[in-house]
Amino acid sequence: MGKGWLKSLVAGVAITLLAGPAFADTIKLGVPGAHSGDLASYGLPTVNAAKIVAKLYNEKGGILGMQVEVLPQDDQCKPELATNAATKLVSDKATVVLGHICSGATKAALPIYKEANIVVMSPSATTPALTQSKEYPIFFRTIASDDQQAKLGVSYAIDKLGLKKIAVLHDKGDYGKGYAEFAKTFIEESGKAEVVLFEGVTPGAMDYSAVVQKLRRSKADGVMYGGYHPEASKLVSQMRKKRMDMPFIAADGVKDDTFIKVAGENAEGVYATSSKDVSKLPMYQEAIAHHKAEFGTDPGAFYKEAYAAATALLNAVEKAGSTDSDKIKEALRNNYAETPIGSIKFDSIGDAEGIGFSMYQVQNGQYVELQ
């Protein structure tokens with residue numbers, strides 16, 4: 001082969017590189033979260049939502065003359081990996097970020113985004129201080145905070161179930177312990193019930209028999225739990241094996257089909273708070289249909305909140321007419337976005353207005369919203 005072939009090859013590669021996404025101007029939507037590990041069932045639906053919303057925008061010609069590019073980053077919901085994911089997205093020049101999924105990971109990553117002045121929106125990080133401290137003006141979320149969940153859980157436990165002696169358990173993490181502390185406070189403030197046990201469990205442990213034994217000795221007539229489904233499934237299963245059939249009330253970290261699959265028949269009757277049922281909204285139905293068409297399955301946990309966040313972020317870029325973060329923040333607070341969880345805009349601290357929680361219960365192998 002002669003030198004002419006080599007010159008043609010080099011020229012062809014150069015043209016290909018220049019035309020590729022690395023050199024193209026795009027709206028870069030970073031999507032950090034748990035994409036592997038025990039909590040992947042929380043994070044992967046967010047990636048799917050981002051891909052679908054990006055595709056819909058791109059099919060309409062993109063935003064500001066640019067296509068939307070999705071940049072996933074796996075953090076496994078671990079704070080130390082979340083900082084790596086955030087650093088990578090900053091270096092990749094993410095325009096906006098959809099994530100992180102877990103409150104602890106979000107808290108660890110936010111200083112990095114704040115320094116880079118990149119707008120971040122989580123579909124699932126519920127720790128109140130993430131917005132209420134006003135420390136991170138670049139942070140928004142499409143889910144209500146843990147204090148609202150805990151208040152609903154306590155009200156249901158006391159007023160609906162008539163519980164008097166409540167054990168409050170948690171997984172020692174930012175999300176789980178934060179929820180548990182709010183629950184403890186609301187129980188004590190009610191004057192109608194008492195906290196007979198406040199205990200943390202170690203995530204990943206195979207055996208919670210010591211905690212279950214403490215629970216039995218406490219003579220609790222019900223349990224409130226802050227944490228995620230892997231630990232909750234073990235706790236509930238070990239309680240039921242000991243014939244401890246008292247109500248088990250959890251936060252939205254347990255309202256996941258994976259909990260039901262793992263806990264099996266022991267999941268029956270478990271309560272969990274989660275965002276309100278919006279299944280009758282046309283845009284929610286469209287979002288579900290898009291997922292089935294694209295991936296052939298029903299979506300998982302926090303899909304609708306993630307779809308709403310992706311839509312709100314990209315809508316704000318469009319309304320701002322700019323990729324400047326300050327203009328995007330202003331657009332988020334001053335313009336409604338039509339989403340699967342309703343028509344939303346954001347208040348001065350970054351919380352979505354008009355959203356809240358409902359109580360759900362596992363009945364015949366699926367979570368059902370209680371009226």
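Trainee: Why is the meeting of the K192 and D159 side chains called a salt bridge?

Mentor: A salt bridge requires a side-chain nitrogen of Lys or Arg within 4 Å of a carboxyl oxygen of Asp or Glu. The N to O separation of K192 and D159 is 3.3 Å, so the pair meets that limit. The pair links distant parts of the chain, 33 residues apart: K192 lies in the loop between α7 (174-190) and β7 (194-200), and D159 in helix α6 (residues 146-160). Helices (H or I, at least four residues) and strands (E, at least two) are DSSP runs numbered from the N terminus.

Trainee: What conventions stand behind these values?

Mentor: This is a predicted model, in which local features need pLDDT of at least 70 and side-chain atom pairs count only at pLDDT 80 or more, whereas totals for chains, interfaces and linings use all residues. Residues are numbered from 1 along each chain as its sequence is written, and side-chain values use heavy atoms, with hydrogens and water left out.

Trainee: What makes K192 partly exposed?

Mentor: A residue is buried under 20% relative accessible area, exposed over 50% and partly exposed in between (1.4 Å probe, protein chains only). K192 has 48% relative accessibility and is therefore partly exposed. D159, at 49%, belongs to the partly exposed class as well.

Trainee: How many salt bridges does the whole structure hold?

Mentor: A search finds eleven. One of them joins E305 to K304, the closest N and O atoms being 3.3 Å apart. E305 and K304 are both buried. Another joins K345 to E353, at 3.4 Å from N to O. K345 is buried because its relative accessible area is 18%, whereas E353, at 34%, is partly exposed.

Trainee: How do you know that H229 is buried?

Mentor: The relative accessible area of H229 is 3%, which is why H229 counts as buried. H229 is found in helix α9 (residues 229-241). Leaving aside neighbours within four places in sequence, the contacts of H229 (heavy atoms within 4.5 Å) include D38, Y42, G253, D256 and F259.

Trainee: How do you know the relation of α2 and α11, parallel or perpendicular?

Mentor: The axes of α2 (residues 40-59) and α11 come within 10 Å and cross at roughly 95°. The two helices are therefore roughly perpendicular to each other. N48, I52, K55 and L56 of α2 make the contact with H290, H291, E294 and F295 of α11. Its classes are three nonpolar, three polar and two charged residues.

Trainee: Which residues have the most contacts inside the largest nonpolar core?

Mentor: They are L110, Y113, F139, I166 and M224, in a core of 50 residues. Elements that each supply at least two residues of this core include α3 (79-91), α4 (103-116) and β6 (165-170). The largest share, six residues, comes from α7. A nonpolar core is a set of buried Ala, Val, Leu, Ile, Met, Phe, Trp, Tyr and Cys residues joined through side-chain atoms within 4.5 Å.

Trainee: What makes K93 exposed?

Mentor: K93 has 63% relative accessibility and therefore counts as exposed. K93 is found in the loop between α3 and β3 and has a positive phi of about 60° although it is not a glycine. Q76 also has a positive phi, near 55°; Q76, at 29% relative accessible area, is partly exposed.

Methods
Axes are lines fitted to C-alpha atoms, for helices over the stretch in contact, and angles run from 0 to 180 degrees between N-to-C directions. Angles under 35 degrees count as roughly parallel, over 145 as roughly antiparallel, 65 to 115 as roughly perpendicular and the rest as oblique. Ala, Val, Leu, Ile, Met, Phe, Trp, Tyr, Cys and Pro count as nonpolar, Asp, Glu, Lys and Arg as charged, and the others, Gly among them, as polar.
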